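Here are some questions and answers on a helical chain's backbone and aromatic side chains, to be read beside the model.

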Amino acid sequence: STFAVKAGSGGMLEVELGKLAQQNAQSQRVKNFGSMMVRDHTKANKELMTIAANKNIAIPSRLSQEHQKHVDEMKKLKGMDFDKHYMDMMTDDHEDDVELFEKASKNLKDADLKAFASKTLPILQMHLDSAKAIEDAVD
């Protein structure tokens, strides 16, 4: 259940920041990346919520205080400052996500969560590759 809570919380953050990127980013590539985050992580969050609900695992319905603070800080950034900070953060976040989901896909005892991790991992890897490419372009 630790995996489900971490994945759910991280997914919500990706959606919130993706929405912010669509508004505050300067680069069209960053805006497009934000759109992809909203689309892919909303879909993954819904799947995870369904699995968690069936197992009576409580996934937070709102951002943690730490995540909310970060979103509030990023709301102050615009243009190229936003682009650089957001893409740097997306690269770091997705490196952590890939590691979390790789471990989960190999080590989780719960078959449903393990399958979810395995299915979501290639998408996260693609996000990481995109984030690195865009991060290099906006630096």
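Helices here are DSSP runs of H or I with at least four residues, numbered from the N terminus. The model is predicted.

Q: In which loop is Asn-56, the residue with phi near 55°?
A: Most residues other than glycine have a negative phi. Asn-56 has a positive value although it is not glycine, and its relative accessible area of 73% makes it exposed. Its place is in the loop between H2 and helix H3 (65-75).

Q: Where in H5 does a kink of about 35° lie?
A: H5 covers residues 111-138 and reaches 40 Å from first to last C-alpha, close to the 40 Å expected. The kink comes shortly before the proline Pro-122, at Leu-121.

Q: Which residue caps the N-terminal end of H5?
A: The backbone nitrogen of Asp-112 lies 3.0 Å from a side-chain oxygen. That oxygen belongs to Asp-110.

Q: Are the rings of Phe-3 and Phe-101 stacked or edge-to-face?
A: The structure holds 4 aromatic pairs. In the pair of Phe-3 and Phe-101, the ring centres are 5.0 Å apart and the planes stand at 75°. Planes over 60 degrees apart count as edge-to-face, so the pair is edge-to-face.

Q: How many residues apart in sequence are the parts that Phe-3 and Phe-101 tie together?
A: Phe-3 is buried at 6% relative accessible area, and Phe-101 is buried at 6% as well. Phe-3 lies in helix H1 and Phe-101 in helix H4, so the parts they tie together are separated in sequence by 98 residues.

Methods: Residues are numbered from 1 along each chain as its sequence is written. This is a predicted model: local features need pLDDT of at least 70, side-chain atom pairs count only at pLDDT 80 or more; totals for chains, interfaces and linings use all residues. Side-chain values use heavy atoms; hydrogens and water are left out. Helices (H or I, at least four residues) and strands (E, at least two) are DSSP runs, numbered from the N terminus. The expected span of a helix is 1.5 Å times one less than its number of residues. The bend at a residue is the angle between axes fitted to the seven residues ending there and the seven starting there. A polar contact is a pair of N or O atoms within 3.5 Å; within protein, one must be able to donate a hydrogen and the other to accept it, and residues adjacent in sequence count only if both atoms are side-chain atoms. Buried means under 20% relative accessible area, exposed over 50%, partly exposed in between (1.4 Å probe, protein chains only). Rings of Phe, Tyr and Trp (its six-membered ring) pair if their centres lie within 6.5 Å; planes under 30 degrees apart count as stacked, over 60 as edge-to-face and the rest as tilted.
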